[in-house]
Amino acid sequence: PSRYRTVHLQQAKDEGRHFAMLTAYDFQMAQIFDQAGIETILVGDSAANNVMGHATTLPITLDEMIVFASSVVRAAQHAMVVCDLPFGSYELSPEQGTASAIRLVKEASVHAVKMEGGSRYAEHIRMMTAAGVPVMAHIGFTPQSENVLGGYRVQGRGDDAAARMIQEATALQDAGAFCVLMEMVPSEVARQVDEALRVPTIGIGAGNATTGQVLVWQDMLGLRSGKMPRFVKQYADLRSVVHDAVTSYVQEVRSGAFPAPEHGFES
Ligand code: KIV
Ligand code: NA
């Protein structure tokens, strides 16, 4: 399709196909992902960590998300761009959430929003969807609640956890969510949730039975340093590519090898 839309993600689910999502926060990377054929791009509030250097996702503001999101939208010719509602921009009421979602559509031209949290946000989803903004729900581990959840840990383990997660996901679907994203959920639980839902699912650390998969690009391309979560597969080692290139540049500038005659202009 010339533009991936919610209907195409639904078609993937209906036809038993999978689709891919990556985060992006800027024009250049979003353009590469789009040209590589990715179906969906997430402007995640993980920009707080991965772009801004914060320790958590909590400090990023709606105004900051709008800068990142509008940059990504300008690059995405085919991908559907979904933008996170950041911490503090929706919790107080469906009206607060809908006003924030409308700002993301109006000021950044995103195609959909994503919101962390379970069935307590059903009314939010109803109001946003009625206003014309498709909503992706995000359950399982929700980083904005890490101080309540007790850190980064798998959610939905233990007796009747699957049943409870199916109940939550179904409530979000019934409220109008076009897709349900699950983070750090046992693979078997995520499989059962996907099976119970009519709408597509996306997983991160949730096994391979979800309709779609998402990863943070700095993780999957190896730009970020430090310990990777278990669910990350590193497809490249950009950190060493960039480190080695910059080391060469610094050496060549110091030695005078760069710039060479061909990099200069004749009089
Ligand atoms: O902000 C983000 O990157 C996310 C994904 C990890 C799902 O929400
Ligand atoms: Na997020």
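Mentor: Happy to! Let's begin with a cut-off we will need: a residue is called buried if 20 or more other C-beta atoms lie within 10 Å of its own, with C-beta atoms placed from the backbone. Keep in mind, too, that this is a predicted model.

Now try the cut-off on Asp84. This residue has 30 C-beta neighbours inside 10 Å, so Asp84 counts as buried. Asp84 sits in strand β3, which covers residues 80-84. Setting aside residues up to four places away in sequence, Asp84 touches Val43, Gly44, Asp45, Met65 and Lys114.

Asp84 is also part of the shell around ligand 1. That shell is made of Thr23, Leu42, Gly44, Asp45, Ser46, Asp84, Leu181, Glu183, Ile204, Val214 and Val216. Sorted by class, five of these residues are nonpolar, three are polar and three are charged.

Next, the record. An unreviewed UniProt entry lists Asp45, Ser46, Asp84 and Lys114 under "binding site". These positions span 70 residues in sequence, yet no two of their C-alpha atoms are more than 12.4 Å apart, so they gather at one spot. The unreviewed entry also places a "binding site" feature at Asp45, Asp84 and Glu116. Those positions are spread over 72 residues of sequence but cluster in space, with a largest C-alpha distance of 10.7 Å.

Let's visit some of these residues in turn. Ser46 lies in the loop between β2 (40-43) and α3 (47-50). Since Ser46 has 22 C-beta neighbours inside 10 Å, it counts as buried. Not counting residues up to four places away in sequence, Ser46 touches Thr23, Thr57 and Val216.

Leaving aside neighbours within four places in sequence, Lys114 is in contact with Leu42, Val82, Asp84, Leu85, Met136, His138 and Leu181. With residues up to four places away again not counted, Glu116 touches His138, Thr142, Gln144 and Ser145.

That brings us to Glu183, which the unreviewed UniProt entry lists as "active site". Glu183 is in strand β6, residues 179-183, and with 22 C-beta neighbours inside 10 Å it counts as buried. Beyond its neighbours within four places in sequence, Glu183 is in contact with His138, Gly140, Phe141, Thr142, Ile204, Gly205 and Ala206.

Finally, let's step back to the whole chain. The chain holds 11 helices and eight strands, and buried residues make up 43% of its 267 residues. Among contacts between residues at least 6 apart in sequence, 59% join residues at least 24 apart. The chain is divided into domain 1 (6-236) and domain 2 (238-267), and 40 Å separate the domain centres, taken over C-alpha atoms.

How values were computed:
Residues are numbered from 1 along each chain as its sequence is written. Chains are lettered from A and ligands numbered from 1 in the order in which they are written. This is a predicted model: local features need pLDDT of at least 70, side-chain atom pairs count only at pLDDT 80 or more; totals for chains, interfaces and linings use all residues. A residue is near a molecule or strand if its C-beta atom, placed from the backbone, lies within 6 Å of it. Ala, Val, Leu, Ile, Met, Phe, Trp, Tyr, Cys and Pro count as nonpolar, Asp, Glu, Lys and Arg as charged, and the others, Gly among them, as polar. UniProt positions are given in the numbering used here, feature names are shortened, and annotations may be inferred rather than shown by experiment. Helices (H or I, at least four residues) and strands (E, at least two) are DSSP runs, numbered from the N terminus. A residue is buried if 20 or more other C-beta atoms lie within 10 Å of its own, exposed if 12 or fewer, and partly exposed in between; C-beta atoms are placed from the backbone. Two residues are in contact if their C-beta atoms, placed from the backbone, lie within 7 Å. Domain bounds come from an automatic or database domain assignment.
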